[in-house]
Each structure stands twice: as structure tokens, then as C-alpha cells.
Amino acid sequence: MRIISFSADGIINAAEKGFYDWLSEQDADFVCIQDLRCSEYDLQDKKYFPVDYNAYFLDDIDGKANGVAIYCRKLPKAIMTGLGFADFDMEGRYIQADYENLSVGCLLAPFAEPGNADQLAHKLAFYEQLGAHLQKVRNKRREFIICGNWQLAHTATDVQDTERNSNSPGFLTEERQWINELFDSGYIDAFREINSDQDEFSWWPDGNRDSNGWRSDFHVISKGLQYTVDYGAIYKVKEFSTHAPIIMDYDIEI
């Protein structure tokens, strides 16, 4: 089973750069797209609704920012929009496809600019609620794959310029502690199960792929799926946004 995750910086802009042409060649079972920056209504061209997929979208309340989508080759039993977080669900941050024993989620965490205390507080509040939610669902009789733009890097190997970014949102001590606790509690970074290279980055905030790379886009999986990870890669040949697509293969049937 192949899952592609991609943070688009605006899906219309990414499509103009050839994202859907590339996607048609990937034979993915799921495609999780974050940061659409438009509403589903804005997507009038048929290329946004590939014939081999069931497409589901969650817009933010204004249809101009954020937004997530999940394309499923096999029809899901249910689609869940939002996480039940009153302060965040209208921002278009999470959509999930449910199957018999597996859920595949698409996540866009809040962004915080350096020096913006209000944005950082908003982001940390989201993490607090998300952590509690993930602990709650961990005891359900199903496995989870949550793909997305988590807006943080886990360790120093996931940030190209640690000195420059040591005090930047996304690499703050409290954010890294949060993801440490998540991984200690029954979840796993799927990419790191099969790739330990220190030069694997998925986001370049400055748009320059020669410097300041971050690995802030990843798949978090429940521990029961640890040995199903077959392959993982960050696609860097073509640029569709400041983020690169994440390609993960799992030995799973649904």
C-alpha cells in the first residue's frame, strides 16, 4: 500500500507546476494533501478529481487558507472531518478515512512565525489537544497512519541549520518534547524506521533547497504497524512547492 503526503503551498499553484501530472504516474493508494489555500468549490478542473480516486476535502471556514484533502483508491467506510477541537476544526486541519481496521489521516498543524507569541500559543494549544486525542484513540482496535505537515522537526538530524533555527518555532524545546512524548507513548516516525540519513529534508522555508532544510513532513503510525514499513522516500526531482512529497510503502491490505 502506497501513501503519498504533500504540503502544497496552495494546490492550484502546485497543479500549475505539474503536481497532478507527476501524481498520475505514482500508483498511490492514498494521497494526503495539506495547505490547499482554497475551497473545494474553487477546484473546477477535472484534474483535481482523478478518476481512480474517491476525493474528500475539508476547507477552512473562509475557504482561503489551510485546507486538507485525502484521495482514496478504495472507498472508505467513513470519512471523519476535524478532530472535535472547537478552536481548530473550522480551520481545515484534519481529515481521516476509516476502513475496517485502519484509519489514514491527513494533518496540517498550525504555523507560528518567529516572534509571534499569539501564533505560538495557538500552535502549542493544538499540540496539547492533539496529544490527548492520539492517546485516547491508541486504545481502539485499529491502527493509524497520520500523514502531514506537522510544522516541527524532531531531532537535530531533521534540521539542516540547527544553530540558526535553535530558537525558531518548529524546533523549540517544548515542541520537540511534545513529539518525544508522542513517540514514547505508542507512535512511530515511519520514515525513520527505514531511513536514518542526516540529509533528508522535506521543507525549505526560504525556497532554496541548498540550505535551511527541515524534515517537518512525516507519517506518524501506531506501533502495531512498525514492521509493515517497506519503503520511504522524499521526492526532490521536481519542485511543486516549498515542501517535497513524502512517499511511503506499507505491507498492508485493506
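Visitor: What should I know before I start reading?

Guide: The model is predicted, so local features need pLDDT of at least 70 and side-chain atom pairs count only at pLDDT 80 or more, while totals for chains, interfaces and linings use all residues. Residues are numbered from 1 along each chain as its sequence is written, and side-chain values use heavy atoms, with hydrogens and water left out.

Visitor: Is strand E2 buried or exposed?

Guide: Buried means under 20% relative accessible area, exposed over 50%, and partly exposed in between, with a 1.4 Å probe and protein chains only; helices (H or I, at least four residues) and strands (E, at least two) are DSSP runs numbered from the N terminus. Five of the five residues of strand E2 (residues 30-34) are buried, so this strand is largely enclosed by the rest of the structure.

Visitor: Which residues of E2 lie on one side, and which on the other?

Guide: In a regular strand the side chains alternate between the two faces of the sheet. Here Phe30, Cys32 and Gln34 are on one side of E2 and Val31 and Ile33 on the other, and both faces are covered.

Visitor: Which strands pair with E2?

Guide: Two strands pair if DSSP finds at least two bridges between them. Strand E1 (residues 2-7) pairs with E2 in the parallel sense over five bridges, and Ser5 stands opposite Cys32. Strand E4 (residues 68-72) runs antiparallel to E2 and is joined to it by five bridges, with Val31 opposite Tyr71.

Visitor: Which residues touch the most other members of the largest nonpolar core?

Guide: A nonpolar core is a set of buried Ala, Val, Leu, Ile, Met, Phe, Trp, Tyr and Cys residues joined through side-chain atoms within 4.5 Å. The largest one has 31 residues, and those touching the most other members include Met1, Ile3 and Phe30. Its largest share, four residues, comes from E7.

Visitor: How is the aromatic pair of Phe6 and Phe19 described?

Guide: A pair of aromatic rings is described by the distance of the centres and the angle of the planes. Rings of Phe, Tyr and Trp (its six-membered ring) pair if their centres lie within 6.5 Å, and planes under 30 degrees apart count as stacked, over 60 as edge-to-face and the rest as tilted. Phe6 and Phe19 are stacked, at 4.5 Å centre to centre with 20 degrees between the planes. Phe6 lies in strand E1 and Phe19 in helix H2 (residues 19-23), so the pair ties together parts that are 13 residues apart in sequence.
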